[in-house]
Amino acid sequence: TREGLNEAFSSIHSLSYILCPEGTEDILFEKLANLENEVFVYVKNYIAVKEETWFSTNFKQLDPQTTIIIQDQLTINDTLTHADIDHISEIILAGDILVVDETTKVILKKKISQSFKGEIHVLQDHDEQIATNIGELVL
């Protein structure tokens with residue numbers, strides 16, 4: 001409850017983002033020691049994605065008003081339509097999404113409400129992965 005949350009914490013210090021149910025974000029903002037923290041709100045329920053590969057069927061199986069939080073990397077291996085994601089509440093981008101085409105990228109962008117260090121990348125080939133740690137070897 002709001003009262004329980006208010007009484008449980010005198011101060012909150014976090015180096016990451018905070019996820020909370022709708023209606024409690026104002027209390028969290030009051031308790032935050034660092035005003036630069038991101039506070040993300042979900043309406044009904046949420047799912048956190050670390051490093052997974054999904055297809056359109058994964059989106060269709062989600063309950064209505066689900067918030068999806070991308071924490072690391074989500075690869076979507078087929079083309080999405082509006083019907084596939086209309087029932088989800090929003091996508092919070094704290095990681096990257098890899099998609100197979102520009103159409104899927106555009107459809108997903110409409111559901112992204114907040115972005116925290118994340119991007120959507122279009123893969124040229126379904127097996128291609130984004131290179132994130134590139135170095136140079138000198139012999």
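**Strand β5 and its neighbours.** I began with β5 and β7, which pair in the parallel sense over three bridges; two strands pair here if DSSP finds at least two bridges between them. Helices (H or I, at least four residues) and strands (E, at least two) are DSSP runs, numbered from the N terminus. Isoleucine 92 stands opposite glutamine 114 in β7. I then turned to β4, which runs parallel to β5 and is joined to it by four bridges. There, threonine 67 has glutamate 90 of β5 opposite it.

Before going on, I noted the ground rules. This is a predicted model, in which local features need pLDDT of at least 70 and side-chain atom pairs count only at pLDDT 80 or more, while totals for chains, interfaces and linings use all residues. Residues are numbered from 1 along each chain as its sequence is written, and side-chain values use heavy atoms, with hydrogens and water left out.

Which way do the side chains of β5 point? I found Glu90 and Ile92 pointing one way and Ile91 and Leu93 the other way, and all are buried. Buried means under 20% relative accessible area, exposed over 50%, and partly exposed in between, with a 1.4 Å probe and protein chains only. In a regular strand the side chains alternate between the two faces of the sheet.

**The whole chain.** I counted five helices and eight strands. From the N terminus on, their order is α-β-α-β-β-α-β-α-β-β-α-β-β. Of the 139 residues, 40% count as buried. The protein exposes about 8,500 Å², and carbon and sulfur atoms supply 48% of that; accessible areas come from the Shrake-Rupley method with a 1.4 Å probe, and for residues only the protein chains shown count as cover. I also looked at contacts, meaning heavy atoms within 4.5 Å. Among those between residues at least 6 apart in sequence, 31% join residues at least 24 apart.

**The largest nonpolar core.** A nonpolar core is a set of buried Ala, Val, Leu, Ile, Met, Phe, Trp, Tyr and Cys residues joined through side-chain atoms within 4.5 Å. The largest has 18 residues, and Phe59, Ile68, Ile70, Leu74, Ile76, Ile97 and Leu108 touch the most other members. Two or more residues each come from β3 (45–54), β4 (66–76), β5 (90–93), β6 (96–99) and α5 (102–109). Which element gives the most? It is β4, with four residues. Apart from this core lies another, of seven residues, among them Ile12, Ile18, Leu28 and Leu32.

I then followed phenylalanine 59. Beyond its neighbours within four places in sequence, phenylalanine 59 is in contact with Trp54, Ile68, Leu74, Ile76, Leu80, Asp84, Ile85 and His87.

**Helix α5.** Thr104, Lys105, Ile107 and Leu108 are buried in α5. They sit on the same side of α5, because they cover an arc of only 165° around the axis, the arc being that of the directions from the helix axis to the C-beta atoms. Their cover includes β4, α4 (82–85), β5, β6, β7 (112–115) and β8 (120–122).

**Strand β2 and tyrosine 42.** Strand β1 (residues 18–21) runs parallel to β2 and pairs with it over four bridges. Valine 41 in β2 is the bridge partner of cysteine 20. Val39 and Val41 point one way from β2 (residues 39–42), Phe40 and Tyr42 the other way, and all are buried. Not counting residues up to four places away in sequence, tyrosine 42 touches Leu19, Cys20, Pro21, Glu22 and Thr67. Its C-alpha atom is 7.7 Å from that of threonine 66, 24 residues apart along the chain.

**Aromatic pairs.** How many aromatic pairs does the structure hold? I found two. Rings of Phe, Tyr and Trp (its six-membered ring) pair if their centres lie within 6.5 Å; planes under 30 degrees apart count as stacked, over 60 as edge-to-face and the rest as tilted. Tyrosine 42 and tyrosine 46 form a tilted pair, 4.8 Å centre to centre with 55° between the planes. The rings of tryptophan 54 and phenylalanine 59 have centres 5.0 Å apart and planes at 75°, so this pair is edge-to-face. Tryptophan 54 and phenylalanine 59 are both buried. Tyrosine 42 is buried at 16% relative accessible area, whereas tyrosine 46, at 43%, counts as partly exposed.

Glutamine 65 lies in the loop between α3 (56–60) and β4. Its phi is near 65°, a positive value in a residue other than glycine.
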